[in-house]
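Dear colleague,

Please find below the structure that I am handing over to you. My notes on what was found in it follow.

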Amino acid sequence: MTNFMIIPGLIAKLLPTDYVGFTFFVGCMAMMAASAFFFLSLNQFDKKWRTSVLVSGLITFIAAVHYFYMRDYWTTFQESPTFFRYVDWTLTVPLMCVEFYLILKVAGAKQSLMWKMILLSLVMLITGYVGETIDRPNAWIWGLISGLAYFVIVYEIWLGQASKLAQAAGGNVLAAHKILCWFVLVGWSIYPLGYMLGTDGWYSGIHGLGLNIDVAYNLADAINKIGFGLVVYNLALQSQKD
Ligand SMILES: *C/C=C(C)/C=C/C=C(C)/C=C/C1=C(C)CCCC1(C)C
């Protein structure tokens, strides 16, 4: 490949034509800036909301650390850093499930709801990882199982117990819950699309679109981690005013 150069002991060169590397680079910056924003805003919130905003910051911070590593991995090897991608998600997606629980606590959400969502998210991610790495020939089957777990999460927050709690809470909490539901339905759906771009199956026809799996994942991460965090931040801000 002509796209990179390794000079031992020095940093790898990121070329302007390397658009995958560029999205990793911008991802580092965006996750870092968002973390600073959430952490530095903590003092303005009272106890009740501080944990939620703190978790928003932890999500983008954990992602930032992974992005710095993934950026270097990509510039050095020109290979998808799949393992660390999934390490990142395995830490941050359960934290997003915790966010749902935290904001619904006002309506009496139980920890069992949180654990159920965490378990579903782990099933979704572990089966996805198996399909992308260990058992690639059966990627579509693993993707399907992963997709089912994703579907149950979507059901839970849109129509299940979580949605009923949001209705009961009403006001700002209901409004924020609705937006988070859209993030999960639309924003998270970019991931299965990325998966199909990076694995073979009945859907391989979309490989011709010229999109790249890492660009899809990087874009989705920025939207979902920072956007999701901002919704929680805004909820804390609005609720403090009333
Ligand atoms: C910050 C990271 C987030 C919000 C990651 C979310 C990841 C997903 C929703 C992944 C879903 C997948 C499927 C639904 C099927 C194919 C395999 C996955 C793991 C890419």
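**The largest pocket**

Helix 5 gives the most to the lining of the largest pocket, contributing 8 residues. Please bear in mind throughout that this is a predicted model. The pocket in question holds about 540 Å³ of space. Its lining comprises 25 residues, and those closest to the centre are Gly-143, Ser-146, Gly-147, Tyr-191 and Pro-192.

At least two residues each are supplied by helix 3 (82-104), helix 4 (111-134), helix 5 (139-158), helix 8 (190-198) and helix 9 (213-241). In terms of residue class, the lining of the largest pocket consists of 19 nonpolar, 5 polar and 1 charged residues.

**Helix 8 and helix 9**

Two of the helices that line the pocket, helix 8 and helix 9, also deserve a description as a pair. Their axes come within 8 Å and cross at roughly 170°. Helix 8 is therefore roughly antiparallel to helix 9, as an angle over 145 degrees counts as such.

On the side of helix 8, the residues in contact are Ile-190, Tyr-191, Gly-194, Tyr-195, Leu-197 and Gly-198. They meet Ile-213, Ala-216, Tyr-217, Ala-220, Asp-221, Ile-223, Asn-224 and Lys-225 of helix 9. Sorted by class, this contact has 9 nonpolar, 3 polar and 2 charged residues.

**The cavity**

How many cavities of 30 Å³ or more does the structure hold? There is 1, and the volume of the largest cavity is about 30 Å³. Ser-80, Thr-82, Arg-85, Glu-132, Ile-213, Asp-214 and Tyr-217 form its lining. Helix 3 and helix 9 each supply at least two of the lining residues, and helix 9 has the largest share, with 3 residues. The lining of this cavity divides into 2 nonpolar, 2 polar and 3 charged residues.

**Ala-168**

One further residue may be of interest to you. Ala-168 lies in helix 6, which spans residues 161-169. Is this residue buried or exposed? Ala-168 is exposed, because its relative accessible area is 62% and the cut-off for exposed is over 50%. Ala-168 and Pro-192 are 24 residues apart along the chain, and their C-alpha atoms are separated by 32 Å.

With kind regards

How values were computed: Residues numbered from 1 in each chain as written. Predicted model: local features only at pLDDT ≥ 70, side-chain atom pairs only at ≥ 80, totals over all residues. Heavy atoms only, no water. 1 Å grid on protein atoms, 1.4 Å probe; cavity = no way out; pocket = protein on both sides within 12 Å on 5 of 7 lines; lining within 4 Å. Points joined across faces, edges and corners; volume = space filled by probe spheres on them. Helix = DSSP H or I, 4+ residues; strand = E, 2+ residues; numbered from the N terminus. Nonpolar A, V, L, I, M, F, W, Y, C, P; charged D, E, K, R; others polar. Axes fitted to C-alpha atoms, helices over the stretch in contact; angles between N-to-C directions. Parallel < 35°, antiparallel > 145°, perpendicular 65-115°, else oblique. Contact = heavy atoms within 4.5 Å. Buried < 20%, exposed > 50% of the residue type's maximum accessible area, 1.4 Å probe, protein only.
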